[in-house]
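Work through the exercises below with the model open. Each task is followed by a worked solution.

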Amino acid sequence: MKALLIARRELSGYLRTLSGYVVIAVILALNGLFFNAYALGGASKRSAEVLSQFFYYSSGFTIVASVFISMRLLAEERQTGTLPLLYSSPLRDRDIVLGKFLAGLAFLSLYVLCTLYMPVLVLVNGKVSFGHVAAGYLGLLLLGSASLAVGTFGSALARNQLLAAITSAVMLVALILCWLLARITEQPLSDVFSAMSLWNQHFPPFQSGLIHVRDVVYYLVVTYVALFAATRVLEARRWR
Amino acid sequence: MIQVEGLTKYYGEHAAIRDLAFTIGQGEVIGFLGLNGAGKSTTLKVLGCVLLPTAGRVVIDGHDVVSNAHEVRQRIGYLPDVPPLYEEMTVGEYLAYVARLRGVTARDTTARVGEAEEKTGLREVDGELISTLSHGYRQRVGVAQALVHKPALLILDEPTSGLDPRQIVEMRDVIRGLKGTHTVLVSSHILPEISQTCDRLLIIHKGTLVAQGTEEELGRKMGGGGSIEVEVRGDRARALEVLKPFGAVDVDRAADGVVSLTLRASPDERPRVAQAVVGAGLELLRLDQGAGQLESIFLRLTHGQEVRA
């Protein structure tokens, strides 16, 4: 499958250049600092509460990591002039987008995997339900996947990586802030905005160890729609 | 191999190419000639399935580039004006990746990469990172990626751009070596490169095709081309009188009894010009072929004007 070929090359690109490691290292350090200062700090808490706070902070850092990881996906190809290679090869545009996204997701998973030491620290000093950890990590991956897909769309739209990061960040912030719109609008609009919000309604259940099908479906739908839009952008670019 | 009819591409309000029509047969090496901004790259992008045309029809090996692009892409190898290279890969890895992308099986990949490296003289840099290569080698890698999957049609956009004279000669040899196994469409604004490597020429100016044919055919159509540069010692009036019968004469310089002239005549006339000059009692100091026939045709067709890029 051609998408896997593209994914493999892209992933090796991440692993061979310093920028990918720098992104992971910086975000991991910040995540660790927040974990230490806020999740572990303050009054004594139950392990489940510490874990819930860990997922709370990690969700934010996962979104930030997604923006930085996805910004290069398609914008870099455009910037360095390698897009004609993909365009002139017997590939579908969806293969290009899917391959890029999968590589980004694999690299993001590497980051998420690196955060595992924090729940392990909780386990050492307390009692942790593995179900809670698994649900939280599933949530992080789904949230990461949706954010990364939005980032891929931003990367397809933008001329360079910086613009890609800005575009993606704006779109993600808009999605997150939907819950504010839900507060100031009336039904049924408020329900729509609430359901659209990237974090407010859909992530907290994962944070406390609960998996709801509607939340899983929400993140998968966002991923699909954003990747579909990115594919459309690539197709449209052939006209220009 | 290629049929193009009424091909038009607009960028906003600006027409980059207008109503192009030409055909290219199997195994031909075609030179696509034009000034910067004439529409060469746009045409090649459409043929390379990178851009969709605004109007017109392009059929490659029986498949339409718009309705059947996937089939077309399996038959072409395209080198854009900027070689599409991944800096962090080695030459071998990169070519293997492109081969797989273009449908070469995992089992055949190593052999195909080896062949492409052989044809383009890249054997010795197989394990080197692309980011460390010189411009000449990068350009070769660009050509190698276009032919690694043995496509029926090779589309090369300015393969010699930015190369030094020695690298140009080497690249010319590479393109010549492709003759027979591939149909090749190569664009350039460097005339000797085109005249020495191609069977036939397409000359494009301001987005329209102004002439096509072999160099000889174009020369005939344009009423002959070429010039002879002559330098003699003797009387200027006498020199003009002797050379007039061969064609129009321009005096470039006349000083200290030495006259330099440009004679508008075919370079084939050189032996007779030499005889006439010597027979008239003038001392012949230099007799040389002037600007090439192709160059003079090209300049006439494009009126020596620069077009906007």
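**Exercise 1. Polar contacts and salt bridges between the chains**

Task: Determine how many residue pairs are in polar contact between chain A and chain B.

Solution: 
- This is a predicted model. With both residues at pLDDT 80 or more, 10 residue pairs are in polar contact between chain A and chain B.
- Now turn to salt bridges. Two salt bridges link chain A and chain B.
- Inspect the pair A:Arg16 and B:Glu93. Their closest N and O atoms are 2.9 Å apart. The cut-off is 4 Å, so the pair counts as a salt bridge.

**Exercise 2. The chain A side of the interface**

Task: Which elements of chain A give two or more residues to the side that touches chain B?

Solution: 
- Two elements qualify: helix H1 (2-16) and helix H5 (83-87) of chain A.
- H1(A) supplies the largest share, six residues.
- Next, sort the residues of this side by class. Nine are nonpolar, six polar and eight charged.

**Exercise 3. Extent of the interface**

Task: What area is buried between chain A and chain B, and what share of it do carbon and sulfur atoms give?

Solution: 
- Start with contacts. On chain A, 23 residues are in contact with 30 residues of chain B.
- Interface size is often expressed as the accessible area lost when the parts come together.
- Here the buried area is about 2,500 Å². Carbon and sulfur atoms give 62% of that area.
- Then find the main contributors in chain A. A:Arg9, A:Leu85 and A:Pro90 lose the most area to chain B. Together they make up 26% of what that side buries.

**Exercise 4. Two residues compared**

Task: Is A:Lys100 buried or exposed?

Solution: 
- Locate A:Lys100 in helix H6 (residues 93-114) of chain A.
- Its relative accessibility is 1%. Buried means under 20%, so A:Lys100 is buried.
- List its neighbours, leaving out residues up to four places away in sequence. A:Lys100 touches A:Ile6, A:Arg9, A:Glu10, A:Leu73, A:Leu74 and A:Glu77.
- Move to A:Ala236, in helix H13 (residues 213-237) of chain A.
- Check one distance. A:Ala236 and A:Leu116 are 120 residues apart along the chain, and their C-alpha atoms are separated by 41 Å.

**Exercise 5. An annotated span**

Task: What is the helix and strand content of residues 52-214 of chain A?

Solution: 
- An unreviewed UniProt entry annotates residues 52-214 of chain A as "domain: ABC-2 type transporter transmembrane".
- The span is 77% helix and 0% strand.
- Its end C-alpha atoms lie 20 Å apart.

Key:
Residues numbered from 1 in each chain as written. Chains lettered and ligands numbered in written order. Predicted model: local features only at pLDDT ≥ 70, side-chain atom pairs only at ≥ 80, totals over all residues. Heavy atoms only, no water. Helix = DSSP H or I, 4+ residues; strand = E, 2+ residues; numbered from the N terminus. Contact = heavy atoms within 4.5 Å. Buried area = accessible area lost by both parts, 1.4 Å probe. Salt bridge = Lys/Arg side-chain N within 4 Å of Asp/Glu carboxyl O. Polar contact = N/O pair within 3.5 Å; in protein donor to acceptor, adjacent residues only side chain to side chain. Nonpolar A, V, L, I, M, F, W, Y, C, P; charged D, E, K, R; others polar. Buried < 20%, exposed > 50% of the residue type's maximum accessible area, 1.4 Å probe, protein only. UniProt positions renumbered as here; feature names shortened; annotations may be inferred.
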